[in-house]
Amino acid sequence: MKRIIAPSVLAADFGHLERDVRMVDRSAADWVHVDVMDGLFVPNISFGFPVLKAIRRATTKLVDVHLMIVDPERYVARFAHDGADWVTFHLEATHDAEHCIHLIRESGAKVGVSIKPKTAVETLRPILQEVDMVLIMSVEPGFGGQQFIPESLDRIRELRRMAEELNPTLQIEVDGGISKENAGALFEAGANVLVAGSSVFKAEDPELEIKQMLEA
Ligand code: DX5
Ligand code: ZN
């Protein structure tokens, strides 16, 4: 499965958003990760549609939207319309995951579902065949710059085993506390998409950092 790095613009300099997104565009990263927070699902508010549109205009890479919002079914189609190639919602944020999946599919975007660190991997089983990707959170969602939770590695292995049986082409994305120091172990455990905020945007040479993560 192809290795993909998805720099998270949450750690970008919003005063120079276009410059920072263009850096990703030039780099070896294939996706741009966009964190949307509503102040309810997580205790933080990030940004919404106008910022997504500005990011969309600044890159030809795939735009990977991570929704940390309650009742995501209200908005998934609009995120797809405004530029998301991938729309990922949280399993804990909705009462109707099937409906959410259906709406994303209908909008033409790829479907991702995410779980927080304390949600059992097993809860994904009933919908695993209907999604293109699972995003395993390796920190509690809401903030960049947190420490990677080591138990996430076992969760990725468990999910990869489940996917081999139910959905062999499933992409497994991991998000939170990722850098070139743990990228190799994450790929080895069965993840193929790594999100990285601080480690990329705070690096002296972000493009080199991305390359080193890919080769980790
Ligand atoms: C956290 C977000 C992450 C965040 C990762 O809720 O989902 O995408 O930007 O930031 P780092 O890489 O700094 O942990
Ligand atoms: Zn994220």
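In which sense do β7 and β8 pair, and over how many bridges?

Tutor: They pair in the parallel sense, over three bridges. A word on the ground rules: this is a predicted model, where local features need pLDDT of at least 70 and side-chain atom pairs count only at pLDDT 80 or more, while totals for chains, interfaces and linings use all residues. Residues are numbered from 1 along each chain as its sequence is written, chains are lettered from A and ligands numbered from 1 in the order in which they are written, and side-chain values use heavy atoms, with hydrogens and water left out.

Back to your pair. Strands here are DSSP E runs of at least two residues, helices are H or I runs of at least four, both numbered from the N terminus, and two strands pair if DSSP finds at least two bridges between them. In general, strands of a sheet pair through backbone hydrogen bonds, either parallel or antiparallel.

Eight strands make an open sheet with parallel pairing, in the order β1-β8-β7-β6-β5-β4-β3-β2. Its edges are β1 (4–7) and β2, each pairing on one side only. From one strand to the next the twist averages 25°; such angles run from 0 to 180 degrees between N-to-C directions, with axes being lines fitted to C-alpha atoms, for helices over the stretch in contact. Helix α8 (residues 206–214) packs on this sheet, where α8 touches β1 and β8 (193–196) and makes about 145° with the direction of β1. A contact, by the way, means heavy atoms within 4.5 Å.

So what is β8 like inside? V193 and V195 point one way from β8, L194 and A196 point the other way, and all are buried. Buried means under 20% relative accessible area, exposed means over 50%, and partly exposed is in between, using a 1.4 Å probe on protein chains only. On the β1 flank, β1 and β8 run parallel and are joined by four bridges, with I5 partnered by L194 in β8.

On the β7 side, look at V174, which lies in β7 (residues 171–175). V174 has a relative accessible area of 0% and is buried. Neighbours within four places in sequence aside, V174 contacts residues including V193, L194 and V195, plus L135, I136 and S138, and also I156 and L186. M137 is 37 residues away from V174 along the chain, yet their C-alpha atoms are separated by 5.9 Å.

I156 and L186 bring in two helices. I156 sits in α5 with L153, R157 and R160, and these meet A185, L186 and A189 in α6. The contact of α5 with α6 has five nonpolar, no polar and two charged residues; nonpolar covers Ala, Val, Leu, Ile, Met, Phe, Trp, Tyr, Cys and Pro, charged covers Asp, Glu, Lys and Arg, and the others, Gly among them, are polar. Helix α5 and helix α6 (residues 180–189) pack at about 25°, with axes 8 Å apart. That makes α5 roughly parallel to α6, a label for angles under 35 degrees, with over 145 roughly antiparallel, 65 to 115 roughly perpendicular and the rest oblique.

Five of the six residues of β5 (residues 110–115) are buried, so β5 is largely enclosed by the rest of the structure. β5 pairs in the parallel sense with β6 (residues 133–137) over four bridges, and with β4 (residues 86–90) over five bridges. V113 finds its bridge partner in V134 of β6, while W86 has K110 of β5. W86, at 5% relative accessibility, counts as buried.
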